[in-house]
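Subject: The structure for you to look at

Hi there,

Here is the structure I promised to pass on. Please open it alongside this email and read the notes with the chain on your screen.

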Amino acid sequence: RTTETLFFHVAFSGNNLTVNEEQANKIMSKIRIAVEWSFGKVVNLFAFVDFNKNQKLHLQPVASYWQIAAMLTNCHSCLYGNQTSMYFQVPTPDLE
C-alpha cells in the first residue's frame, strides 16, 4: 500500500487507511512542506532556475545550474538562516 525506494517514501493511499497509516501521512506531509520551502528558497534567490519558466532541457546545463544555485542557497542559509531550520528548531551550520 506504500511505495518506498532508496530516495522516496510515497504517502499511503486508499479509502480504508489504518490509524497508523493516517498518522504517518500527517507526519510526512509536514516534512514534505519543509522540503518544499527549501526548493522555494532556491527559486526565490535564483529565479533563472525556475524550470517551468526558464530552463531549456538539452539546451542548457540544467543540473549544473541547480547544483550551483542549491550550494549558494546553502551558503545564504548559513549566513542568514532559513525557514526550515527555524521550523525544526535547529541552528544552521557555519560556513567554515
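Below is what was found in it, starting with the overall layout.

This is a predicted model, in which local features need pLDDT of at least 70 and side-chain atom pairs count only at pLDDT 80 or more, while totals for chains, interfaces and linings use all residues. Residues are numbered from 1 along each chain as its sequence is written, and side-chain values use heavy atoms, with hydrogens and water left out.

The overall layout

The chain has 3 helices and 0 strands, and its pattern along the sequence reads α-α-α. Helices here are DSSP runs of H or I with at least four residues, strands are runs of E with at least two, and both are numbered from the N terminus. Of the 96 residues, 18% count as buried; buried means under 20% relative accessible area, exposed means over 50%, and partly exposed is in between, using a 1.4 Å probe and protein chains only. If you take the contacts (heavy atoms within 4.5 Å) between residues at least 6 apart in sequence, 33% join residues at least 24 apart.

How α1 meets α2

Two packed helices are described by the angle between their axes and the distance between the axes. For α1 and α2 the angle is about 100 degrees and the axes are 9 Å apart. That makes α1 roughly perpendicular to α2. The axes are lines fitted to C-alpha atoms, for helices over the stretch in contact, and angles run from 0 to 180 degrees between N-to-C directions. Angles of 65 to 115 degrees count as roughly perpendicular, under 35 as roughly parallel, over 145 as roughly antiparallel, and the rest as oblique.

On the α1 side, the contact is made by Phe-39, Lys-41, Val-42, Val-43 and Leu-45, and α2 brings Trp-66, Ala-69, Ala-70, Thr-73, His-76 and Ser-77. These residues divide into 7 nonpolar, 3 polar and 1 charged. In this scheme Ala, Val, Leu, Ile, Met, Phe, Trp, Tyr, Cys and Pro are nonpolar, Asp, Glu, Lys and Arg are charged, and the others, Gly among them, are polar.

The largest pocket

The largest pocket has a volume of about 310 Å³ and is lined by 14 residues, with Ser-38, Phe-39, Val-42, Thr-73 and Asn-74 nearest its centre. α1 (19-45), α2 (62-80) and α3 (83-87) are the elements that give two or more residues to the lining, and α1 gives the most, with 6. By type, the lining has 6 nonpolar, 7 polar and 1 charged.

On a 1 Å grid over the protein atoms alone, a pocket is an open set of points where a 1.4 Å probe fits, with protein on both sides within 12 Å along at least five of seven lines, and lining residues have an atom within 4 Å of a point. Grid points are joined across faces, edges and corners, and the volume is the space filled by probe spheres set on the points.

Val-62 lies in α2 and is buried, at 12% relative accessible area. Its C-alpha is 8.4 Å from that of Phe-51, 11 residues away in sequence.

Phe-48 sits in the loop between α1 and α2 and is partly exposed, at 42%. Phe-48 and Trp-66 are 18 residues apart in sequence, with 9.5 Å between their C-alpha atoms.

Tyr-87 is in α3 and is partly exposed, at 38%. Leaving aside neighbours within four places in sequence, Tyr-87 is in contact with Lys-30 and Trp-37. Tyr-87 and Ala-34 are 53 residues apart in sequence but 7.9 Å apart in space, C-alpha to C-alpha.

Lastly, Gln-89 is in the segment after α3 and is exposed, at 71%. Its phi is near 55 degrees, a positive value in a residue other than glycine.

Happy browsing!
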